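Hi everyone, thanks for coming. I'd like to walk you through a structure that may be new to you, so please have a look at it first.

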Amino acid sequence: FCHTPACLPTCRAMKLALACSLLTVPACAGVSLLVVNKKGNQVRRCALDSTDPCTLVAGRSDAASGTGIDALKMPEGVAVEADGTVVIADTVNHRIMRCPKDNPAGCAPLQSITGQGAGANQLNQPYGVALTKDGEYVIADQRNDRVQICKDNTDPCVTLMGTGIPGSGANQLNKPYAVSVG
């Protein structure tokens, strides 16, 4: 039913209206979804109370991957800070990015992460990210088989779980994918 570019905004509005009714969000006023477009190397914000196109939060508009501040490479997880800053697990770039609300040019990597590796302040393909009430970042560090907790400063990150060796023992993980704080 929505197969032409001309009808896509109407189709989107109808789908979002259905989603709003299913979610029981009153008119979806002020509610938006963050969509991680992994192979498009982007994160987009889509307002549920609008037929406007989704806006680019992070990544390049041409969907090209890269290692610069303006680029993502196969992002996976996303979380939102209280002020609206979007936190992204930039998986293949081995970093966590912080992007001010709707400002792709303002993105910056988490200060405590120093690059790819297995050291305390290094990541190897982070997949999931969550926030604690104290503003710390909990990271599913998939290829290091661990969960790290980090601050946005130069303090060392701390391993919460995992030994760096994949397994199913009491403190072992095997490619953790997602984290949630609750």
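Let me start with a term: a residue is buried at under 20% relative accessible area, exposed at over 50%, and partly exposed in between, using a 1.4 Å probe and protein chains only. Now the background. This is a predicted model, in which local features need pLDDT of at least 70 and side-chain atom pairs count only at pLDDT 80 or more, while totals for chains, interfaces and linings use all residues. Residues are numbered from 1 along each chain as its sequence is written, and side-chain values use heavy atoms, with hydrogens and water left out.

Let's begin with the disulfides, meaning pairs of cysteine sulfur atoms within 2.5 Å. How many does the structure hold? There are three.

Cys 99 and Cys 107 make one of them, with 2.1 Å between the sulfur atoms. The torsion about their S-S bond is about 115°, so this disulfide is right-handed. Cys 99 is buried at 0% relative accessible area, and Cys 107 is buried too, at 6%.

Then we have Cys 46 joined to Cys 54, S to S 1.9 Å. This link is right-handed, with 110° about the S-S bond. Are its two ends buried or partly exposed? Cys 46 counts as buried at 10% relative accessibility, whereas Cys 54, at 24%, counts as partly exposed.

Cys 150 and Cys 157 are also joined, S to S 2.2 Å, and that link is right-handed with 120° about the bond. Both of these cysteines belong to the largest nonpolar core, which has 12 residues, including Ala 79, Val 87 and Ile 139. By a nonpolar core I mean buried Ala, Val, Leu, Ile, Met, Phe, Trp, Tyr and Cys residues joined through side-chain atoms within 4.5 Å. Strands β5 (86-90) and β9 (137-141) each give two or more residues to this core; strands here are DSSP runs of E, at least two residues, numbered from the N terminus.

Finally, the aromatic rings. A search of the whole structure finds one aromatic pair: Tyr 127 and Tyr 177, tilted, 5.0 Å centre to centre and 50° between the planes. Rings of Phe, Tyr and Trp (its six-membered ring) pair if their centres lie within 6.5 Å; planes under 30 degrees apart are stacked, over 60 edge-to-face, and the rest tilted. Tyr 127 sits in strand β8 (residues 126-131) and Tyr 177 in the segment after β11 (158-161), so the pair ties together parts 50 residues apart in sequence.

Key:
Helix = DSSP H or I, 4+ residues; strand = E, 2+ residues; numbered from the N terminus.
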